Amino acid sequence: MTQVEDDQAPNGLVKRPTGIPSIDIATCGGLPAHRATLVLGQPGCGKTILGLQVLACALDRGEGGVFVSFEESRKQILRDVAAFSWADRFGETSRCEIIDAQSMKGAELSGPFDIDGLLAVLAMCADRVDGSLIVLDGIDQLLRRQPDPLIAVEQVRQINDWCDQRSCTLLLTGKQAQGGSQFASPDHLPGIEFLLSTIFTLSTELVDRSLHRRFRIAKYRGSKHNGDELAMVIDQDGICLPYINSPSDKVGGSATSERISTGIERLDDVLGGGIYRGSTTLISGQPGTSKTTLAAAFGVAACQRGERVLYVSFDEHGSNIVRNLTSVGLDLQPHIDGGLLALHARKSWDVVAEEHFMALQQMIESFKPDCLVIDPASSLLKSSTSHSPYVALERLLENTTRQGITALLTSIASDDDPSDEATMAQVSTLADTWMVVRFRVHGGERNRSLSVVKSRGTAHSNQVRELVISSEGLALADVYEFGTEVLMGTARVEKESEEKIALKLRERERERRRQTLDQEIEKTRNQITQQQNDLARLVDELKYESVYDDILEQEVSHYQDRIRWRREPNGQATAHDREKDHQGGDT
């Protein structure tokens, strides 16, 4: 027998794994070995399935076991387990005994009975299969025939002591009384909750016509355990507690600074380069605001990078999605055919949120995606009106973050939220990036806008931008602010046209002014050139006048000298004077 010792228990409590991973985690190791564990619950809670599944897991480990039913025949038991994946464990095997212990029909009971006969049969069967696991299903059907309830409780004590002596692990199932204490023990077994050291309670709750199952460890003496009321699901693999994580699981994966594209270049610019790898992005808005198109653009961009994308669509067929997205330039089919894109369509109202969570987990484990798209995640609210859809999404996002999967979720805004910013508040707090798409009606026209509510670790833009859809895909356009109004669509185009015309007119006016100034400058330059020429002429004239004056002065001086010589007596003129006179005469 596989046994686990609880190191936290001072007495070294020995535990036997149930083989159901989530229950072994909740119990910190499994059932107490050599003791009896009581499973209480109303009809339909899964008590019998729990006992059979624990026995099937023991058979799978090569151990033996005995199953005793006080309510069904062996044939009924085998027919019941046929729907589960582990049904083949109960085939022709010498390691398992299934005993029909129903009361004989029409038998009359008289007086008390002794439990020793049952223990003797159990000992013989356990020896024959060489097993140490015994399941008594519906023990209350036997003990309620005991006239004295105190004797019945004492017989349960006797069974528990017998397990300790035989080193057997015993699982008892019984019906839970309505109301009463938190343990709600059967009416004919008063005080049994104080007698046994381990008690599990299974319950059901009908929420909006959907059945929700719950599992709780009401008591586990001598061992730490999870005492919360946990969601429980029964599917083809049996019982599972979907929201239980292994203690070894890290709270979160290592953060990375790598950014990946949203598939829209302008949106990447708004987000400072894209979204962080391994982060969670939420896109919320009213129906028709292109949430699916945005999600698909993200998925296509990831596939183009060679990454694997798991696209889960609620309430819309996959073929419709592929067809509709083709009209906006997004072709999913090549990526589906290439194995990079797995497109799954689910009905949100078909099962409860816990089953959706388990299905998504199985898809992630089998496909191992790099990116996950859930469109729309708010459809999970249709599966239940309780808080379970929010818990399912929170646990799912916790797992994707731990595994480094980049998740993008869309959410339909509620009619009670005119601002579109209160939808799925529990999930929006977990999202690293939250974008809101809205309709804006102006001038008889409906247009789409996109804004970033938050983006952790990113210096993102706080501006509202118009989301434009065409046959070539999605694009973001800057809105036009006109006073206190924000113009989009035709109004924006008209205003932009007016601005372009006004700009052209201003450019033409500037060109005319430039030409005028050029002409004035050229005219001035010509005038300056003319004045410079006049200046040069006047300077030349001034120089000529100066030369003429010098020559004239010389001529006057020479003339005066000649007159003076002629007036001198003939003998008194010097030879020098005569020479000058001679030169002057020659001149």
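## Aromatic stops

Searching the whole structure turns up 4 aromatic pairs (rings of Phe, Tyr and Trp, using its six-membered ring, with centres within 6.5 Å; planes under 30 degrees apart are stacked, over 60 edge-to-face, the rest tilted). Select Tyr243 and Phe357: their ring centres are 5.1 Å apart and the planes sit at 70°, so this pair is edge-to-face. The pair ties together distant parts of the chain, 114 residues apart: Tyr243 is in the loop between strand E12 (238-240) and strand E13 (259-260), and Phe357 is in helix H12 (residues 353-367). Helices (H or I, at least four residues) and strands (E, at least two) are DSSP runs numbered from the N terminus.

Before moving on, this is a predicted model, where local features need pLDDT of at least 70 and side-chain atom pairs 80 or more, while totals for chains, interfaces and linings use all residues. Numbering runs from 1 along each chain as its sequence is written, and side-chain values use heavy atoms, without hydrogens or water.

Next, pick Phe84, Trp86 and Phe90, which ring pairs join into a cluster.

## Charges over rings

Now show Arg259 with Tyr276: the charged end of Arg259 sits over the Tyr276 ring, 4.1 Å from its centre (NZ of Lys or CZ of Arg within 6 Å of the ring centre and within 35 degrees of the ring normal). Then try Arg446, whose charged end sits over the ring of Phe439, 4.8 Å from its centre.
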